[in-house]
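Student: I would like to learn how to read a predicted model, feature by feature. Where do we begin?

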Amino acid sequence: MTSPTPLEITTSAVSRLSDLIASKDNKDLRLRVYVQGGGCSGFQYGFQFEEEKAADDFEFESAGVAVLVDPLSYQYLTCLLYTSDAADDTPCVDLGGRRII
């Protein structure tokens, strides 16, 4: 399997995810980002915390925060809205540039 282009996780996303992980009192949590079919409305994007990484998962890390993406979801991730932060240049994640904000 070839390595994917790394995801860039902005500092505001790292900060928020760090706070959420700390509130769960489990430093082993990783954020899973996934895509699933949504029927007539298209794809649905999901986020959940998990401790375990699957053997075929891609893992991206920034400042101690890990993000997991399965190979099938990775190919469909093109633009995710995580947060709109006026300090960031773009309002969404352009995974052509591989960015989660």
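Student: What ground rules apply here?

Tutor: This is a predicted model: local features need pLDDT of at least 70, side-chain atom pairs count only at pLDDT 80 or more, and totals for chains, interfaces and linings use all residues. Residues are numbered from 1 along each chain as its sequence is written, and side-chain values use heavy atoms, with hydrogens and water left out.

Student: How do I read the phi of A63?

Tutor: Most residues other than glycine have a negative phi. A63 has a positive value, near 50 degrees. A63 belongs to the turn of a hairpin formed by β4 and β5, with two residues between the strands.

Student: How many bridges pair β4 with β5, and in which sense?

Tutor: Two strands pair if DSSP finds at least two bridges between them. β4 and β5 pair over five bridges, in the antiparallel sense. One of the partners is V65 in β5, which bridges to S62.

Student: Which other residue has a positive phi although it is not a glycine?

Tutor: D25, with a phi of about 55 degrees. D25 lies in the loop between α1 and β2. At a relative accessible area of 71%, D25 is exposed.

Student: What else lies in the loop between α1 and β2?

Tutor: K27 is in that loop, between α1 (11–24) and β2. K27 is exposed, at 76% relative accessibility. K27 and E51 are 24 residues apart in sequence, with their C-alpha atoms 8.9 Å apart in space.

Student: What is the overall order of elements along the sequence?

Tutor: Helices (H or I, at least four residues) and strands (E, at least two) are DSSP runs, numbered from the N terminus. The protein has two helices and eight strands. The pattern reads β-α-β-β-β-β-α-β-β-β.

Student: What share of the residues is buried?

Tutor: Of the 101 residues, 36% count as buried. Look at contacts too, meaning heavy atoms within 4.5 Å. Among contacts with a separation of 6 or more, 48% join residues 24 or more positions apart.

Student: How many salt bridges does the structure hold?

Tutor: A salt bridge is a side-chain nitrogen of Lys or Arg within 4 Å of a carboxyl oxygen of Asp or Glu. The structure holds five. One of them joins E50 and R32, with the closest N and O atoms 2.8 Å apart. E50 is in strand β3 (residues 43–50) and R32 in strand β2 (residues 30–37), 18 residues apart.

Student: Which other residue meets R32 in a salt bridge?

Tutor: D57, at 2.4 Å, N to O. D57 lies in the loop between β3 and β4 (58–62) and R32 in strand β2, so the pair ties together parts that are 25 residues apart in sequence. Both R32 and D57 are buried. The relative accessible area of R32 is 10%.

Student: Which residues form a network of salt bridges?

Tutor: R30, K53 and E59 are linked that way. Between K53 and E59, the closest N and O atoms are 3.7 Å apart. K53 is partly exposed at 39% relative accessibility, and E59 is partly exposed at 32%.

Student: Which residues form the nonpolar patch on the surface?

Tutor: Patches are made of residues with over 30% relative accessible area and no salt bridge: like charges are joined within 9 Å, nonpolar side chains (Val, Leu, Ile, Met, Phe, Trp, Tyr) within 5 Å. Here the patch is F43, Y45, F47, L72 and Y76, with about 480 Å² of accessible area together. Such areas come from the Shrake-Rupley method with a 1.4 Å probe; for residues, only the protein chains shown count as cover. β3 and α2 (71–76) each give two or more residues, and β3 gives the most, with three. F47 in β3 is partly exposed at 36%.

Methods:
Buried means under 20% relative accessible area, exposed over 50%, partly exposed in between (1.4 Å probe, protein chains only).
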